[in-house]
Amino acid sequence: MRSDRNGKAPLGLKIAAAGGLLFLHLPILLIFVYAFTTEDKSYQWPPPGLTLKWLAVTWNRPDVWQALGLSVRVAAISTALALVLGTLCAAAVSRTKFFGRETVSLLVILPIALPGIITGIALRSAFSLADIPYSFWTIVLGHATFCVVVVYNNAVARFRRTSGSLIEASMDLGADGFQTFRHVVLPNIGTALLAGGMLAFALSFDEVIVTTFTAGQQTTLPIWMLEELVRPRQRPVTNVVAMVVVLVTFLPILAAYYLTRDGDRIAGSGK
Amino acid sequence: MQTAVAFSQVSRHFGPVRAVDGVDLKIAEGEFFAMLGPSGSGKTTCLRLIAGFEQPTAGHIEIFGETAEGVPPYRRNVNTVFQDYALFPHLSVADNVAYGPMIRGVAKAERMKAAEEALALVQLPGYGARQPGQLSGGQRQRVALARALVNKPKVLLLDEPLGALDLKLREQMQEELKTLQRSLGITFVFVTHDQGEALSMADRVAVFNEGKIMQVGAPEEIYRAPRSRFVADFVGSSNILPPETVERFAGKRAWASLRPESIRLATAGGHAATVLGHSYLGAATRLSVDMDGQRLTLLLPAGATVPATGSQAAIEWNGDDLHLMEDGQ
Amino acid sequence: MTAAEPVILPGRGGLFGTLSDVLWRNPRLTLLLMLAPPLLWLGIIYLGSLFALLAQSFFSIDEFSGLIRYEWTLKTYAELLRPSNLDIIVRTVTMAAAVTLASAVVAFPIAYYAARYARGKWKAFFYLGAMLPLWSSYLVKIYAWKLILAKEGILTWIFAKLHLTPVLEAWLSIPVIGGNSLSVSYTGTFIVFVYVWLPYMILPTQAALERVPDSMLEASSDLGGSPAQTFRHVLLPLALPGIIAGSIFTFSLTLGDYIIPQIIGSSRLFIGQAVYAHQGTAGNIPLAAAFTVVPIVIMGLYLWMAKRQGAFDAL
């Protein structure tokens, strides 16, 4: 243990760590193989043959495009709302000391700390109590609620790292509150907000548990996939959609990582 | 001469903490004024009251005759050099310096020219294109100075400006700041906990303790005639003699301060003392002795013969170097 | 310096200038304006719905008409304690505990290696290695396991290639944890749960391990501790808050999930599925609400214990 930092890891540890990482990543890689299989009636391994035809078939499926469009619109609006709410909350909590800061933090984290099904059914029963018909906006309402925490976590971490005297320096040099926000605060927390926004987008884009309760008859991409998972009808199209979803979600996560890597970490434990 | 900053009965309380407690203060225009004190003594809060980051709980503050309470920092023609410099990390050095003019709406070419001039003033010509992260501590300090001076403030506030620099650089910057202040004629108010810095740079010094000003005066005055035990002890090191001891020498019962460098080894006569130990300081040797149960420290100039530990020595001082204090605190 | 320059400058005027002055003079108003939108949103939309839901668990369903009777009663909670419902609760909690334990065991070597051996590029590699699966699509992850665990899938094929098919069959013939194929067994459900929640365990454990100073481990070996003793008496206790923080996620997420056991597993219900079924086809919102109280109470107790262990500092 003495030479822990510089020494070599025991072989057993290396194998266990490598095994764990393979366990995490191999299943996702498998999706990429299945997207090209010629088999369309079962999940047969090894694939009897490889083909590109399912890419074209999926491309021409209007239901997939519709679900994708709805998911993108929901994620975009929810992210925008979460950005505003999360940044305001983070600024208030980290810039001012006031009674009840802890409570505010807890309130922000709660929608993600409690199982999604609770958030989902609570919203659903509230909609029915208040006679609100299901719509695009009921989905957004749910998504924005749990997306706030991701933006909040990223913004709080960056605010903590940004020296408070920068704001004072700006005011000292003649900038009022709005000018300071525009010229000093925003440029300094910008990348953290971008990262938080991307993660919020990824979170909303992928959400299914709350959405099943708030969507009514609308089909987001995850709901489309869930239907396929429960009652597989078009395996090859599902394979291709799964592969595209993996590719599309990796990009914002990688980007968010590079935007925030010096210093604060992506507040991932808040998913 | 006009009064630059005037505090009358100013207090700033944070809950039960009296950070500043009934301070009266007048700083003259063009003065280099130091606020000296240990941490938590209220000196920085006073600076922040002038800058406008804090508002007084009670009392009245005037800057050049105008009421300052309720005026936000961005409307005061007063600028600050922050302890951590607070350079904007997302802006280049030139854009940092030109920030004030940019906010005031000065055209780009003009403000860049002003920034370059301010940088030249602090001996950093041609550094405008760099990023703050690429500069050394001393250079950042100069940029912070340029960023404040470019606005031609009526009062420049400096919060522990040299605290983060190493000794050599600090001495050099002390000289430069002084020269700069003389040539610009701007009122400088600076906060420090380093008594050497306060004494060497300032025209006048205010010594703070527990939210109150203990003494205000020129450095020589503060050093030679401390009014209280706190000031005697905090400004330089001093032998503080209790009233019983003082009565024997001065015939008056009062606390007194006797500076170590005022005491010398007597060639004839003097007071008998036992040498407890000594340490070599380079420019001088510090000797501690016991005189009838009173422990004293004295500084011997370099080259003087140092008596051995445990030996007997005779010490003496000039009568007027024994400074009687008004107040036993 | 021109003495004529004023020391107090006029405000910049205009809407923003005036507003800025007002906000600066009233820091409390500023704080209120910043907090109002998020707090109103979360307070009204989220907490409001949550309390409305909990309130409904104190109503009951009329057995004849199937309509909700809006009278305060504990009848629904009595119904919750029926053996068939208790079964569901016990099954879910057992699964959550097993999943948490397994995640901790699998996550520890990864977190340990990443925290104490990986440097530079490898550090980023390990971090992203836990981060990418955490953020990649939940449904795609489940779908991948549906492919793997299918009777005609890759796992069966691997067992066949290794001539281990009898082992797999013997496992599947064990009652309770076995089944027709892995994808309809508790074993399958368990594997997928561990897989999906594993990153939530790795990240806090790694964070806790990173905070253990080298000097402390050196002190232990300096005092004569063998590597095993150092691990047991110094490292593990210091990493425990991180593991507990991770377990909050694995435990809570397993308790509330209804999609994984629906897609991969036997037909016996978990809490999440019961909630889903009662609120949906059965229309028994009071019972569904009472069911959601179970994970809330369990998580409340769990969080209370975790807090006493100092797990929140490791989040």
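**Domains, contacts and a sheet**

Mentor: Chain A is assigned domain 1 (11–51) and domain 2 (61–270), with bounds that come from an automatic or database domain assignment. This is a predicted model, in which local features need pLDDT of at least 70, side-chain atom pairs count only at pLDDT 80 or more, and totals for chains, interfaces and linings use all residues. Residues are numbered from 1 along each chain as its sequence is written, while chains are lettered from A and ligands numbered from 1 in the order in which they are written.

The C-alpha centres of the two domains of chain A lie 30 Å apart. Six residues of domain 1 and seven residues of domain 2 make up their contact (C-beta atoms, placed from the backbone, within 7 Å). On the domain 1 side, five are nonpolar, none polar and one charged (nonpolar: Ala, Val, Leu, Ile, Met, Phe, Trp, Tyr, Cys and Pro; charged: Asp, Glu, Lys and Arg; polar: the others, Gly among them).

Chain A also touches chain C: 75 residues of chain A are in contact with 84 residues of chain C. Helix H2 (residues 27–56) gives the most to the chain C side, with 16 residues (helices are DSSP runs of H or I, at least four residues; strands are runs of E, at least two; both are numbered from the N terminus). That side has 59 nonpolar, 18 polar and seven charged residues.

In chain B, four strands form an open antiparallel sheet in the order E2-E1-E4-E5 (strands pair if DSSP finds at least two bridges between them). Strands E2 (17–28) and E5 (66–67) of chain B each have a single partner strand, so one side of each is left without a neighbour in the sheet. Two bridges join E4 (residues 58–63) to E5 of chain B, and B:Ile63 has B:Glu66 as its bridge partner.

Notes
Contact = placed C-beta atoms within 7 Å.
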